[in-house]
Amino acid sequence: MTVTIERDDDLKIIALVGELKATNADSVRDEVISLIDKKPMIISMEKCIYVSSAGLRALLMIAKTAKMRKVEIVYAAATKEVTDVLEMTGFIRMIKCVATVAEAEKLGIRK
Amino acid sequence: MLQSKEFPAKREILSQMLTEIGDEVEKYFTDEKWINRLKVCAEEILANIINYSGSEKVYVSCDFLEDEQTLRFEFVDEGALYNPLEKAPEVDIEAELDERPIGGLGIFLYTTIMDKLEYHCDDGRNHLLAYKKLV
């Protein structure tokens with residue numbers, strides 16, 4: 001999986017590309033957490049094709065860290081299969097998830 | 001059919017194991033949602049064996065039970081005897097972010113997704129069987 005910064009001005013957009021799984025979840029978690037600053041952050045899941053339970057733990061830790069640092073964080077544009085896993089585990093209600101990056105950008109700017 | 005195929009219990013081999021399991025799953029399941037769900041289950045079970053069992057090898061079987069129209073997976077390891085089904089933690093999927101523990105998600109997922117799970121110890125080895133009826 002690669003973690004790329006797609007936008008970094010008044011809003012930060014981070015894209016997760018590939019599979020978020022047992023073998024890379026810890027490093028992805030650490031990398032994304034290291035990118036959390038004061039700006040609202042959108043994590044684009046558009047090109048994240050798979051999330052395992054280890055991946056869910058990473059997403060949970062990122063969300064908990066952001067909340068602790070009082071940074072708004074939104075997960076956007078998850079694929080159908082990833083959304084299924086997010087729904088099954090209640091993540092979809094627990095963390096802020098929206099259908100598109102554009103929708104998330106509106107939320108971020110409004111903040 | 002995968003028949004008790006031996007793999008080194010190493011993280012570097014996990015992707016290969018999942019690819020081989022995925023190939024079997026795709027012979028029977030066409031819905032991407034279910035293919036993905038079964039991959040999530042297999043990854044969790046295998047990652048636990050690799051990370052915590054201490055076993056050097058893992059044996060994976062996957063066969064189709066015609067009468068029951070069910071795909072059966074078996075995971076065998078030679079590590080410390082451990083029944084993962086015995087201490088499955090409760091996961092409150094309604095819990096808020098602050099109250100949500102980091103652990104327990106993996107077993108929650110595979111106990112939710114699979115129709116039936118069985119554990120037994122045989123010849124000092126852990127056997128975990130997981131069943132999923134065709135959907």
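In this predicted model, the largest nonpolar core counts 68 residues. Seven of them touch the most other members: Ile43(A), Met45(A), Leu59(A), Tyr75(A), Ala76(A), Leu46(B) and Phe75(B). Helix α2(B) gives the most to this core, with nine residues. In soluble globular proteins, nonpolar side chains tend to be buried together.

Take Phe75(B) and look beyond its neighbours within four places in sequence. Its contacts are then Ile45(B), Leu46(B), Ile49(B), Val58(B), Val60(B) and Leu128(B).

**The helix pair of chain B**

Helix α1(B) spans residues 11–28, and helix α2(B) spans residues 32–53. The two pack at an angle of about 145°. Their axes lie 10 Å apart. The crossing is right-handed. From α1(B) come Arg11(B), Leu14(B), Met17(B), Leu18(B), Ile21(B), Gly22(B), Val25(B) and Glu26(B). They meet Ile35(B), Leu38(B), Lys39(B), Ala42(B), Glu43(B), Leu46(B), Ala47(B) and Ile50(B) of α2(B). By class, the residues of this contact are eleven nonpolar, one polar and four charged. Leu46(B) belongs to this contact and is also one of the core residues that touch the most other members.

**Where the chains meet**

The contact takes 22 residues from chain A and 21 residues from chain B. On the side of chain B, the elements giving two or more residues are α1, α2 and α3 (105–113). The largest share, seven residues, comes from α2(B). This side of chain B has nine nonpolar, four polar and eight charged residues.

**Strands**

| Pair | Sense | Bridges | Residues standing opposite |
|---|---|---|---|
| β3(B), residues 70–77, with β5(B) | antiparallel | eight | Glu74(B) and Leu129(B) |
| β4(B), residues 116–122, with β5(B) | antiparallel | seven | Glu118(B) and Leu129(B) |
| β1(A) with β2(A), residues 12–20 | antiparallel | six | Thr2(A) and Val17(A) |

Strand β5(B) covers residues 125–133. It pairs with β3(B) and with β4(B). Leu129(B) stands opposite Glu74(B) and opposite Glu118(B).

Which residues of β5(B) make up its covered face? They are Asn126(B), Leu128(B), Ala130(B) and Lys132(B). Arg125(B), His127(B), Leu129(B), Tyr131(B) and Lys133(B) form the uncovered face. Leu128(B), on the covered face, is in contact with Phe75(B).

β4(B) and β5(B) form a hairpin with two residues between the strands. Here Asp123(B) takes a positive phi near 55°.

Strand β1(A) runs over residues 2–8. Is it buried or in the open? Of its seven residues, the number buried is zero, so β1(A) lies largely in the open. β1(A) and β2(A) form a hairpin with three residues between them.

Val28(A) sits in helix α1(A), residues 25–35. Why does Val28(A) count as buried? Burial takes 20 or more other C-beta atoms within 10 Å. Val28(A) has 22, so it is buried.

Leaving aside neighbours within four places in sequence, Val28(A) is in contact with Met1(A), Val3(A), Leu16(A), Leu20(A) and Ala58(A). Val28(A) and Leu16(A) are twelve residues apart in sequence. In space they are 8.6 Å apart, C-alpha to C-alpha.

Key. Residues numbered from 1 in each chain as written. Chains lettered and ligands numbered in written order. Predicted model: local features only at pLDDT ≥ 70, side-chain atom pairs only at ≥ 80, totals over all residues. Buried ≥ 20, exposed ≤ 12 C-beta atoms within 10 Å, placed from the backbone. Helix = DSSP H or I, 4+ residues; strand = E, 2+ residues; numbered from the N terminus. Pairing = 2+ DSSP bridges. Axes fitted to C-alpha atoms, helices over the stretch in contact; angles between N-to-C directions. Left-handed = near helix turned anticlockwise from the far one by under 90°. Contact = placed C-beta atoms within 7 Å. Nonpolar A, V, L, I, M, F, W, Y, C, P; charged D, E, K, R; others polar. Core = buried A, V, L, I, M, F, W, Y, C linked by C-beta atoms within 7 Å.
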